[in-house]
2 protein chains.
Amino acid sequence: MLPDELVRQNDCRILYYILDGLGGTTDPDRRQTELEAARTPVLDELAARSETGLTVPVLPGIAPGSGPGHFALFGYDPVENNIGRGVLEAAGIGFGLAEGDLAIRVNFATVDAEGRIIDRRAGRIRTEECGRLCAIMRDAIGLEGVEVFVEPVKEHRAAVVLRPDGIELADGIADTDPQATGVPPLPVEALRPEAEPASELLRTLLEQVTGPLAAAGEPAYYPLLRGIARFRRYPSLHERFGLRAVAVATYPMYKGISRLLGMDVHEGATDLAGQLEAVTGYWSSHDFFFVHFKATDARGEDGDFDAKVAAIEEADAALPGFLELGPGVVVVTGDHSTPALVRAHSGHSVPVLLHSPVARWSGVETFSEIACAHRGTLGTFPMMHLMGLALGHADRLQKFGA
Amino acid sequence: MLPDELVRQNDCRILYYILDGLGGTTDPDRRQTELEAARTPVLDELAARSETGLTVPVLPGIAPGSGPGHFALFGYDPVENNIGRGVLEAAGIGFGLAEGDLAIRVNFATVDAEGRIIDRRAGRIRTEECGRLCAIMRDAIGLEGVEVFVEPVKEHRAAVVLRPDGIELADGIADTDPQATGVPPLPVEALRPEAEPASELLRTLLEQVTGPLAAAGEPAYYPLLRGIARFRRYPSLHERFGLRAVAVATYPMYKGISRLLGMDVHEGATDLAGQLEAVTGYWSSHDFFFVHFKATDARGEDGDFDAKVAAIEEADAALPGFLELGPGVVVVTGDHSTPALVRAHSGHSVPVLLHSPVARWSGVETFSEIACAHRGTLGTFPMMHLMGLALGHADRLQKFGA
């Protein structure tokens, strides 16, 4: 598979500066996108001397989740490697998944005496309360042929992992969350025949925990099962590209994705200043640095145009510290677009900037979606090809063919 | 397969004016690419009235060899049809390869008394000396089940072809060239089980020739085996597109690639003036003209920005003679980029100009990578789709579907 088979080693360091949900869209009143409105002197100056373009995370018009977006950024086909929400949740808390595990995201809800859902998030209970409910589940569960792990994540969210011992657990099981209140949870339903054994186990599990969880609160707690997914190991960035990669993110989910791809994961950084300090510490031991900035996505989801502009400006102001470390290749982009106008991940393409000593100078005067479209040197291309571009600019790929 | 199944015949002539390694990148001091720096009045005037864009030979960031680059130019998937170096070398000297032949590039090296390599190119011996060594090999070789051909190429380079008689020879055999001096050649090693029979034959071949070659010089000669590849016949440009194609190149390798794709190959032209004379002679008998200009690539590989600029200007000055013949479609592009800054084939996209009576006028003021990115009408697209575009503009494709 290309470009994997062409990889060669050198000392060139690659910085991935990922502003989550970076791409926006034109606000009809302001006649600008968030990136156009933001004052970004560092990005603008760098973009003029960089290759620029737009990437399509999955397919035009399709909004990716965080999993597919990041998989594409790192050169993994986001459709072939579509990771289940359960796996993402378990990986996010650092749970060591094994090949064949069935991972499930649990939302603790509250239900009335007739078993109808009152609150799908149980009033967003504190994480400590979530831990208590997980312990109750652990005590109640006893299933033949599988080991069961129940771990709190955050607030009402937990992760359940079924580890098979001598049996096979296939996924393809519908969520039991009806996405509504006033109705009972959905039954566990296999969407394909191979998933029937695992479905039967989950039905038994729910029978075992329903009584103890109902007794643990008033109103009664009930676990909604979501994103039921079988884990399979992914080839790491080191195996595929020979990169010694480290992720410096502040949110668990992005650490989890990084762990799934074999990156070392830094713990403890809470903002870009801390992330810079961390990257500086890894500079001599690693050669691929994934810096993840969350606020651009969060403010986009809030629908707050001005706050997203401010987040972009914060990331711009922090960039020089990373550039001073002297990376050979710098990539600034997002894993998808989150326009404030959309208030959610969207299917818009994502602006990208790639700087290296052999970059063509795109000459864009400002780094934005529109400038990248009008004057980009890279055109619009599948996001999963970005890693090949970065490796090529790092001189880390041999020539293909004679 | 599209566009093959849509092909229809007419009299429209297509000129492929290929400047090898045409694409460059921005020199940070000059703030220009080679194409931007070059004075190219002919190309500039033509580009304004032509479709322009950028092509990706293989995948973003991947630098292609000459084989994949040209295969893509002619509409052949460069990954599916990745041609081995041995096949390219044998084809380059006009050797008539047959289906199933195993072709090998040989570099004559010199070795010391302990068999360690002194010079991997034997001091770049003259081609006549290479011919003498080939004759010595021919006399020494006797292998069961295969006919063996040994032909000089140039200086220290030769081609060996094993033609099986009733047996199957699979490739997947490692080079024996250790790419270093002071160490012995590598043993012949099969990279997959099917390649073991051919590997065993090559080990015997090396045993047979080692003594005679050692006796032929002081220090001893030794043949390093590289690019061991099984030949398979490719459908020709005539079979696929109904084109009566002729290649007018000055370098053996490009003639070889053209032969592999069933083109007629002109012999004897040594410069663009001679190539124009040749094309003029073929004008009434052919309808696809592949003119190959090497200097742009060679000067890029030298890392000589100014010399590459001069090569581009030479090609620009020679273009009017070809245009005066009245081709219906003119394509000017390269098989890959060779920026002087990189001193090698690179993974940058390649500027392309396509002129026809129905071309959209891109209005670019100068033909360059940056102008094609900023104002191109074709965008950035896989190089293997260029042939379909040329055929479409030549009105040589029927409508697809009802």
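User: Buried means under 20% relative accessible area. On that cut-off, is B:Ser66 buried or exposed?

Analyst: The model is predicted, so take this as a computed value. B:Ser66 has 6% relative accessibility, so it counts as buried. B:Ser66 is part of helix 3 of chain B.

User: What is B:Ser66 in contact with, leaving aside its neighbours within four places in sequence?

Analyst: From chain B, B:Met253, B:Tyr254, B:Ile257, B:Asp335 and B:His345 are in contact with B:Ser66. A:Ala402 is in contact with B:Ser66 too.

User: What does helix 3 of chain B pack on?

Analyst: Start with strand 1 (residues 14-19) of chain B, which pairs with strand 11 (residues 329-333) of chain B in the parallel sense, over five bridges. Helix 3 (residues 66-73) of chain B packs on the sheet and touches strand 1, strand 10 (288-293) and strand 11 of chain B. The direction of helix 3 makes about 155° with that of strand 1 of chain B.

User: And which residue is the bridge partner of B:Leu15?

Analyst: B:Val330, in strand 11 of chain B.

User: Which strands does helix 9 of chain B lie across?

Analyst: Helix 9 (residues 272-282) of chain B lies across strand 1, strand 8 (245-248) and strand 10 of chain B. Relative to strand 10 of chain B, helix 9 runs at about 175°.

User: Give me the whole sheet. What is the strand order in chain B?

Analyst: The order is 9-8-10-1-11-12-2-13 in chain B. That is an open sheet of eight strands with mixed pairing. At its edges are strand 9 (264-265) and strand 13 (380-382) of chain B, and each pairs on one side only.

User: Now chain A. What order does its sheet of eight strands have?

Analyst: In chain A the order is 9-8-10-1-11-12-2-13, again for an open sheet with mixed pairing. Strand 9 (264-265) and strand 13 (380-382) of chain A each have a single partner strand, so one side of each is left without a neighbour in the sheet. Strand 1 and strand 11 (residues 329-333) of chain A pair in the parallel sense over five bridges. In that strand 11, A:Val329 is the bridge partner of A:Ile14.

User: Switching to helices. Which residues of helix 8 of chain A are buried?

Analyst: A:Tyr254, A:Lys255, A:Gly256, A:Ile257, A:Ser258 and A:Leu260.

User: What covers the buried residues of helix 8 of chain A?

Analyst: The cover includes helix 3, helix 4, strand 8 (245-248), strand 9 and strand 10 (288-293) of chain A. After helix 8 of chain A comes A:Gly262, with a positive phi near 75°.

User: Why is helix 13 of chain A largely enclosed by the rest of the structure?

Analyst: Because seven of its eight residues (386-393) are buried. The buried ones are A:Leu386, A:Met387, A:Gly388, A:Leu389, A:Ala390, A:Leu391 and A:His393. A:Asp395 follows helix 13 of chain A, and its phi is positive, near 60°.

User: Which element gives the most to the lining of the second largest pocket?

Analyst: Helix 4 of chain A, with four residues. The elements that each supply at least two residues are helix 3 (66-73), helix 4 (85-92), strand 3 (102-111), strand 5 (146-154) and helix 8 (252-260) of chain A. By class, the lining has eleven charged, ten polar and nine nonpolar residues.

User: What is the phi of A:Arg31?

Analyst: Positive, about 60°, although A:Arg31 is not a glycine. Most residues other than glycine have a negative phi. A:Arg31 lies in the loop between strand 1 (14-19) and helix 1 (34-37) of chain A. With 69% relative accessibility, A:Arg31 counts as exposed.

User: And B:Arg343, where does it lie?

Analyst: In the loop between strand 11 and strand 12 (350-355) of chain B. The phi of B:Arg343 is positive as well, near 60°. B:Arg343 has a relative accessible area of 51% and is exposed.

Conventions: Residues are numbered from 1 along each chain as its sequence is written. Chains are lettered from A and ligands numbered from 1 in the order in which they are written. This is a predicted model: local features need pLDDT of at least 70, side-chain atom pairs count only at pLDDT 80 or more; totals for chains, interfaces and linings use all residues. Side-chain values use heavy atoms; hydrogens and water are left out. Buried means under 20% relative accessible area, exposed over 50%, partly exposed in between (1.4 Å probe, protein chains only). Ala, Val, Leu, Ile, Met, Phe, Trp, Tyr, Cys and Pro count as nonpolar, Asp, Glu, Lys and Arg as charged, and the others, Gly among them, as polar. Two strands pair if DSSP finds at least two bridges between them. Contact means heavy atoms within 4.5 Å. Axes are lines fitted to C-alpha atoms, for helices over the stretch in contact, and angles run from 0 to 180 degrees between N-to-C directions.
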